[in-house]
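Welcome, and please open your viewer. This tour goes from stop to stop, telling you what to select and what you will find there.

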Amino acid sequence: MSEYQQPLYHYQPIQVLHVDDDPNILAITKVFLEHSGQIRVNSCSSVQEAFEYLLRESVDVFISDYEMPDMTGIEFLQTIRGHNCDTPFILFTGWGRESVVISAMNSGDTFYVQKGGNPKSQFAELSDKILKACRQYRDQQKVRHLSRIFQVLREVGDAVFGNEDTREVFSRLCTRITSEPGYQNMRIVLLDRSGEVRGVYHAGLEEQIERFVSYLKTGHRTSCYRKALHSKGRPVICAPDDTCHSCPLYSGHHESHTLTMPLEHGGTIYGIVSVTLDPAYSCDPDEQAMLIDISREISYALYHFSLKEEHNAMEALIGTNKKLDILNTITRHDIRNELTVQSFHYENLLELANKYPDIREDVIEIGNSLNNIQEHLMFSDVYQKIGIQKPQWLSIHRIIENITYSHGFGNVSILHSTGTLEIYTDPMFGKIIINLVENALMHGCRVSTIQISFIEQIDSGLLIIEDDGVGIPDTKKSLIFERGVGRNSGLGLFYTREILALTGMSITETGRYGNGARFEITVPKRCYRFYKGEELLDSIPTSFAMRVHPDDS
């Protein structure tokens, strides 16, 4: 009998349905109970009249006499409970037999109050029982309701790590939330990085959704959405007022409130979540806390889905690159074989040109062309390796130590103060460091010290490689990163710039000519971190550390 179910939270007078075949008792009870203003009594002189009333109105507490002509109070109670209605029920009767009390309790009676005695104390007890029964019932309802919402949160969390599509997860979430009593509709509006609408999920807005989506996609935002984006993680409570007239949902929300939250994770705004519900719900702190948790779960789900998309895109790109790598390798192998043949014929032509000077110039041009082809092959060989592997977290300290150990730099000192710094970049990053060090040795003339350091800034970090050589003239600073410049020194600065760009990094030369070269690599905030693992190992007992790294012994 779903029409008997009550709203979860409301702070209006308690609605009592009193059933008794004695009109005098009905009248006296109404006067006494309504005196405080906390209770409103609706009187019925028969059970049949009570059933007719229940089809029209809701009830917070039942009060019933035991002995009545058409049905006993216990039979009335059993009928109510038989329709899945757990609203508090108080048997208020002059019958004091123990068997009646036991039968009432076994049938689901909340309290039993016996008529008779001093009217003032009798009705004071009845009033107290009504207030207590209603409070307990609302608390129980609230716990059940919040438990169901919590279960929805768990389902969202489980779905995030499953294989479900984004649309399925959020559509089901909206349907589950709006199945709860008191919730009229729910909508999730997803925004892209520029603030444009990229998706809307909802439940309970079937008649208004098209107009609502059109309203959003033409650049409009409801007043509660605008407030939510500046709410700093707290729900915005919106009661319809003059600022809401332009909202497509206004006509259906005259007697409702809306709770709205931004969907935010890690500083990124993914969209807005809103629920329309009974006003008493919106004021409840626990209800607001649950919406905050729902918002966090959705936000993390969106963050997780975005990582998934990036990962899938990266996997597809790497797969394509590997295929191209194989194709390019085979192609270059075939071209090199042809070059070997052509070089043999070129040498023969060069000898022949000694006898026939008229063809010497043409033969020299053929030789230059063969050299250019060879250089193009070398360029493509290095360039295709850029981006062929996934970016990784690389320890700068280890890279520098390995370089120092494996390369002989004579009397040049390489000093570094990068600590536990790790950078998320292409695995070829180590060759960048080697290249910059070798450039310093080759072109610095008088280099005795190379320093490598790292500086944190507000939204990025700077990895600095500087030497004490002669430096780079201002006229050449803009040319050194062009293709072909420095081709005889490792990767060359052109390749260095391309490798860094894969993970959003950039490189500039900022040294003063005469005081040495200074290369600054700008690293986005998301692409560097300071690893804490070794610090933790240093802080734990040696015996335990040996078990963690048994190979070190």
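**Stop 1: H13 and H14**

In this predicted model, begin by selecting helix H13 (residues 429-443) and helix H14 (residues 493-501), whose axes come within 10 Å and cross at roughly 150°. Helices here are DSSP runs of H or I with at least four residues, strands are runs of E with at least two, and both are numbered from the N terminus. Axes are lines fitted to C-alpha atoms, for helices over the stretch in contact, and angles run from 0 to 180 degrees between N-to-C directions. H13 and H14 are therefore roughly antiparallel to each other. For such labels, angles under 35 degrees count as roughly parallel, over 145 as roughly antiparallel, 65 to 115 as roughly perpendicular and the rest as oblique.

Look along the pair and you will find that H13 passes H14 in a left-handed crossing. A crossing has this label if the near helix is turned anticlockwise from the far one by less than a right angle, and is right-handed if clockwise.

Now show side chains. From H13, pick Phe429, Ile432, Asn435, Leu436 and Asn439; they meet Leu493, Thr496, Ile499 and Leu500 of H14. Contact means heavy atoms within 4.5 Å. Sorted by class, this contact of H13 with H14 has 6 nonpolar, 3 polar and no charged residues. Ala, Val, Leu, Ile, Met, Phe, Trp, Tyr, Cys and Pro count as nonpolar, Asp, Glu, Lys and Arg as charged, and the others, Gly among them, as polar.

A word on the ground rules: residues are numbered from 1 along each chain as its sequence is written. Local features need pLDDT of at least 70 and side-chain atom pairs count only at pLDDT 80 or more, while totals for chains, interfaces and linings use all residues, and side-chain values use heavy atoms, with hydrogens and water left out.

**Stop 2: H12 beside H13**

Select Ile396, Ile399 and Ile403 in H12, which meet Phe429, Gly430, Ile433 and Ile434 in H13. The classes in this contact of H12 with H13 are 6 nonpolar, 1 polar and no charged. Phe429 of H13 is also among the residues that meet H14.

**Stop 3**

Next, select the open sheet of 3 strands, which has the order S11-S13-S18 and antiparallel pairing. Two strands pair if DSSP finds at least two bridges between them. At the edges are strand S11 (392-395) and strand S18 (528-530), each pairing on one side only. Neighbouring strands of this sheet are turned by 30° against each other on average, direction ignored. Zoom in on strand S13 (residues 421-425), which pairs with S18 over 3 bridges; there Ile423 stands opposite Tyr528. Helix H12 (residues 396-406) packs on this sheet, touching S11 and S13, and its direction makes about 55° with that of S11.

**Stop 4: a sheet of 5 strands**

Move to another open sheet, with 5 strands in the order S7-S6-S10-S9-S8 and antiparallel pairing. S7 and strand S8 (236-238) each have a single partner strand, so one side of each is left without a neighbour in the sheet. Here neighbouring strands are turned by 20° against each other on average, direction ignored. Helix H6 (residues 166-178) packs on the sheet, touching S6, S7 and strand S10 (268-277). Helix H7 (residues 209-217) lies across S6 and S7, running at about 155° to S7.

Select strand S6 (residues 183-191) and strand S7 (residues 197-203), which pair over 6 bridges. S6 and S7 form a hairpin with 5 residues between them, and Gly195 in the turn has a positive phi of about 90°. Two places to check are Leu190, opposite Gly199, and Met186, opposite Ala203.

**Last stop: colour by confidence**

Finally, colour by pLDDT, the predictor's confidence in each residue, from 0 to 100. The chain has a mean of 79, and 82% of its residues reach 70 or more. Over residues 1-10 the pLDDT is below 50; beyond near neighbours in sequence, this stretch has 37 contacts in the model. Residues 534-553 are also below 50, with 7 contacts counted beyond near neighbours in sequence. Where pLDDT is low, the predicted coordinates should not be read in detail.
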